[in-house]
Structures are given as C-alpha cells and as structure tokens.
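Below is a short briefing on one structure, with points grouped by topic. Please read it alongside the sequence and the coordinates.

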Amino acid sequence: MRIAVLDDYQRIADTVDWSPIPRATEITSLREHIAPGPALVETLAGYEVVVAMRERTPIDATLLSQLPALKLLVTTGPFNAAIDVAAAQALGITVSGTGGAVTPTVEHTWALILGLQRHLVAEDQRIRSGLWQSTVGTDLSGATLGLIGLGRIGSRVAAIGKAFGMNVIAWSPNLTDERAAGAGVTRVDRDALFAQSDVVSLHMVLAETTRGLVGDAELAAMKPSAILVNTSRGGLINEDALVEALHSKMIRGAALDVYQHEPLPPGHPLAALSNTLLTPHLGYVTEGVMTIFYREIVEDIAAYCAGSPVRLLTA
C-alpha cells in the first residue's frame, strides 16, 4: 500500500509507528508544499492513500478526478473545508478524519498578543546584535479585549484575558447576552467591538458569510493604538485593506498566524511591514496534537484495510 503524507514540514511521518497497518506500506513524506496543478497530480498518482495535514493543500473535485488509484483520503482533524468530500464520495473515495485539540490555538493566540505588545522579536534581535532595550511595551491589564467569535477557542481566550485583568467584550452573529455572560464577558454589537477594543482577536469559522469580515470600514473604526490578531482563517480579513491600514498606521499592529494564501508568498507586503508579527500557521502544531493526529491516522488506515473505516467524513 502506497501512502503519501502531504505538507509534512517537520518530517513527523518519519518518526511514526506504521506497523499496526495490516498491509505492507510504502510511506512517502512530502516535506515541501506543492500547489494545486499538474505537479501535484503527478506527485500523487499511484497512491492508494493520501494524508492531508489540515487545510494546507486544497483537494477539490478536479484533483480527485485525476487520481484513479486513490481509495482513502485521511485528513487530520474532524473536518476539513479544503476537501471536497462530496466529490470524493461520488468517486468512491473513503474520507476519514481524526480528533484534535483547541487549546494549542488558544495558547498561540496569547503568544502572538504578548509577542506584539511587548516587542519580543525586535528586542530579541537587538540583544543578539549586542544592543539593549529600546521599546516600551503595552499593558494588557485594564485594556479591552474584543473577541469576534466566542466558541470553543474564543471562550478560552476570554478566560485568559480576564486573568490578565482585561475587560472582555465579544460579538458574533448568533451570540446572545446569556451565552456571553456564561463566559464572563459582555456582548456588544459589531461596530462597538471594533471601536472599543485595544486587542481584536478573530475566532470565527470561514464561510461565505464571514469572508472579508474585517475590511476597510472595520479597520477604520479601530483605535490607532489597537492591534488585530488572527489565528482562525486568513480569509476573514481583507488583506489588501489590512496592509494599507498597517502601512498608514491606522492601527498599531497585527499578529497573524493565517493568510489568504498559504504558504505566504515570498515578498508578500505583510512581511515587509515593521508592525506585524507573523507565524506560519502554527496554532495547532504541538507535540500533543501531532500525537493525536498520527495515532488516529494509523488507526484510520488500519480500519480501512479491515473493511470497516472509522471517523468518516460526509458531505
């Protein structure tokens, strides 16, 4: 059985015990991102199993139709918006998922907030150059944290904000006063959230109704001293509008883990700005999560081999 593991940047597949799979296996770890197109089709041709690392590689009907050998598609996590599950089912391809965890994204959100507020990258670079401190940090205690989305991740981010002594407010289309109060935060309307917050953090699912949720008007409504943080999905923000707002100092800064196009293209304007803190979609990349992912990838493939696939994704 030939198995291809997509976007295995950290070479984790090389360390995994694949022996529970009851068939002889040939594992190919693809350590560089391959964009959709002929090169990806050529690379994956002949593989019976493809493992997708979250939503790093779009797997649409066009790609699937060109992979006749593909019989099992495994995605890390319990859902994957980058996979056309309906097309896979129509082609007789089984799609399985895995479990996961939300706490690493919560932790990474706060790493970004703290890193930007306390200028950690700039000060690290200065001290390595033989220089000493030059920046002034921004207090969190007493500041207002505005959360766009108060679900499993947003509610945990809120709890940490409260522990820092922040005033926490939240908005989402379906958020009620009761749900907000249950998380110990105050529900406000969308305009008020952007106007009042010192830190705006996004925790929404990307859908047609939320794409471009943060654009020119929302950025213009923010305080010049405020920062924007996104560990959810890049499509929630109009990147052109954000680049302009950062360039003109309309807002103080942005800390981003996700982008409209990933990997972030070389020479992207966001990377040229001095008031950004950028990480390469690391929110879920921890030892604990990867242990869950790969253990259940192996379980999914073994179950498929036994004729009883598990953790099936359906359209």
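Over residues 111–283 the chain is 32% helix and 16% strand, and the end C-alpha atoms lie 10 Å apart; helices (H or I, at least four residues) and strands (E, at least two) are DSSP runs, numbered from the N terminus. This is a predicted model, in which local features need pLDDT of at least 70 and side-chain atom pairs count only at pLDDT 80 or more, while totals for chains, interfaces and linings use all residues. Residues are numbered from 1 along each chain as its sequence is written, and side-chain values use heavy atoms, with hydrogens and water left out.

**Annotated domains**
- UniProt, in an unreviewed entry, places "domain: D-isomer specific 2-hydroxyacid dehydrogenase NAD-binding" at residues 111–283; positions follow the numbering used here, feature names are shortened, and annotations may be inferred rather than shown by experiment.
- The UniProt annotation "domain: D-isomer specific 2-hydroxyacid dehydrogenase catalytic" (unreviewed entry) covers residues 39–310.

**Nonpolar core**
- The largest nonpolar core has 29 residues, of which Ile 148, Leu 219, Leu 228 and Leu 242 touch the most other members; such a core is a set of buried Ala, Val, Leu, Ile, Met, Phe, Trp, Tyr and Cys residues joined through side-chain atoms within 4.5 Å.
- At least two residues of this core come from each of strand 7 (167–171), helix 8 (190–196), strand 9 (199–202), helix 10 (239–247) and strand 11 (253–256).
- Helix 10 gives the most to this core, with 5 residues.
- Ile 148 has contacts (heavy atoms within 4.5 Å) that include Trp 171, Leu 193, Phe 194 and Leu 213.

**Salt bridges**
- The structure holds 14 salt bridges, each a side-chain nitrogen of Lys or Arg within 4 Å of a carboxyl oxygen of Asp or Glu.
- Arg 23 and Glu 48 form one of these (3.0 Å, N to O).
- Arg 23 lies in the loop between strand 1 (2–5) and strand 2 (26–29) and Glu 48 in the loop between helix 1 (38–44) and strand 3 (49–52), so the pair ties together parts 25 residues apart in sequence.
- Arg 23 is partly exposed at 37% relative accessible area, whereas Glu 48 is buried at 16%; buried means under 20%, exposed over 50% and partly exposed in between (1.4 Å probe, protein chains only).
- Arg 295, Glu 296, Glu 299, Asp 300 and Arg 311 are linked in a salt-bridge network.

Methods
Lists of a residue's contacts leave out its neighbours within four places in sequence.
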